[in-house]
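Trainee: I am new to this structure and would like a close look at one part of it, namely the pockets and what lines them. Could you take me through that slowly?

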Amino acid sequence: MDEWMLRAPWWKLAVAMGLLLAPFAVLLFRLTGDHSWPAAALMGVAGTVVCAPVLGFLTATTIQDSTAGAGQLPEHERAVVERAARRGPAPEDAGQREAALRLVEDRLLGLRATRTRALTSAAVLLVVSGFLAVARSPWWWLAAAACAALLVVVLAAPARLARRAELLRAGD
């Protein structure tokens with residue numbers, strides 16, 4: 001996560017999400033349906049205008065909830081602690097290491113609490129997108145691949161976070 005994303009208000013995140021989402025939405029409407037390019041562009045942009053503010057708000061809320069587990073940190077330490085919670089060596093500073101450990105443990109608890117729902121949702125989406133790939137358009141195999149990747153992430157994330165927590169604890 002970039003330092004900018006940690007501090008950006010929801011509306012800036014919504015603009016960034018919209019700029020990323022719009023081309024994919026246009027391609028989705030163009031390639032999966034019998035729509036002309038102008039119709040696909042109109043539908044893709046309209047869908048993005050509706051979805052981007054929601055995604056920006058949800059992303060900002062998730063970032064705030066995610067970094068709240070570390071406690072109150074000065075602005076200059078927030079990005080260091082976030083990075084230490086995700087990758088790299090354990091920080092030398094005991095306060096930063098402890099804050100990163102709290103972040104990792106908080107995320108691990110959240111993942112374990114929602115794991116069954118996430119696995120079920122990803123599996124249902126995989127089955128639906130596989131059915132649509134066979135019944136409608138081969139382009140749906142891209143969605144099936146994304147759902148399969150989501151399943152892998154949901155299965156692998158808790159073990160990865162547990163290893164990260166052990167690394168941060170070993171730094172004590």
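Mentor: In this predicted model, the second largest pocket is lined by Leu21, Phe24, Ala25, Leu27, Leu28, Leu31 and Thr32, together with Trp139, Trp140, Leu142 and Ala143. Helix H2, which covers residues 10-32, and H6 each supply at least two residues of that lining, and the largest share, seven residues, comes from H2. Sorted by class, the lining of the second largest pocket has 10 nonpolar residues and one polar residue, with no charged residues, and the volume of this pocket is about 290 Å³.

The largest pocket, for its part, has a volume of about 350 Å³. Of the 15 residues that line the largest pocket, Thr62, Ser66, Arg107, Gly110 and Leu111 are the closest to its centre. Helix H3 (37-68), helix H4 (75-86), H5 and helix H6 (140-170) each supply at least two residues of the lining, while the largest share of it, six residues, comes from H5. By class, the lining of the largest pocket has seven nonpolar, four polar and four charged residues.

Val124 is partly exposed because its relative accessible area of 45% falls between the cut-offs of under 20% for buried and over 50% for exposed. Val124 and Cys147 are 23 residues apart in sequence, and their C-alpha atoms are 9.0 Å apart in space.

Note on methods. Residues numbered from 1 in each chain as written. Predicted model: local features only at pLDDT ≥ 70, side-chain atom pairs only at ≥ 80, totals over all residues. Heavy atoms only, no water. Buried < 20%, exposed > 50% of the residue type's maximum accessible area, 1.4 Å probe, protein only. 1 Å grid on protein atoms, 1.4 Å probe; cavity = no way out; pocket = protein on both sides within 12 Å on 5 of 7 lines; lining within 4 Å. Points joined across faces, edges and corners; volume = space filled by probe spheres on them. Helix = DSSP H or I, 4+ residues; strand = E, 2+ residues; numbered from the N terminus. Nonpolar A, V, L, I, M, F, W, Y, C, P; charged D, E, K, R; others polar.
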